[in-house]
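Please open the structure in a viewer and keep the selection tool at hand.

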Amino acid sequence: EITGLGIHPSKGLRNGVVVDIDSTTSAIKKSISEAESMAGCHISSCYVGISGSHSQLARKCPSLKSPIS
């Protein structure tokens, strides 16, 4: 059951490729905040889908591994 959804534009992606990790991370955090507001609860973890041949970047980027606060 989906109880909340967050969508926030990011200037950190170009043609599906991360070009600015800080902007991308900020957009993800804002999307989570929107989803929390809609659902009326705290989100402690989530799955984020970013497609493309660069997807290994997410596994190597400490800013995406850290808990969202």
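Predicted model: local features only at pLDDT ≥ 70, side-chain atom pairs only at ≥ 80, totals over all residues.

Begin by selecting residues 21-39, which form α1. This helix has 19 residues and extends 27 Å from its first C-alpha to its last, close to the 27 Å expected at 1.5 Å a residue.

**The buried side.** Within α1, next select Thr24, Thr25, Ala27, Ile28, Ser31, Ile32 and Ala35, which are buried. Viewed down the axis of α1, the buried residues fall within an arc of 160 degrees, so they line one face of the helix. An α-helix has 3.6 residues a turn, so residues three or four places apart point the same way.

**Ser31.** Ser31 counts as buried because its relative accessible area is 15%, under the 20% cut-off. Apart from neighbours within four places in sequence, Ser31 is in contact with Gly6, Ile7 and His8.

**The opposite face.** Turn to Asp22 and Ser37, exposed residues on the face of α1 that points away from its buried side.

Met38 is exposed, with a relative accessible area of 54%.

**Gly40.** Finish at Gly40, in the loop between α1 and α2 (56-60). Gly40 is exposed, at 65% relative accessibility. Its C-alpha atom is separated by 8.5 Å from that of Thr3, although Gly40 and Thr3 are 37 residues apart along the chain.

Note on methods. Residues numbered from 1 in each chain as written. Heavy atoms only, no water. Helix = DSSP H or I, 4+ residues; strand = E, 2+ residues; numbered from the N terminus. Buried < 20%, exposed > 50% of the residue type's maximum accessible area, 1.4 Å probe, protein only. Contact = heavy atoms within 4.5 Å. Expected span 1.5 Å × (residues − 1). Arc of directions from axis to C-beta.
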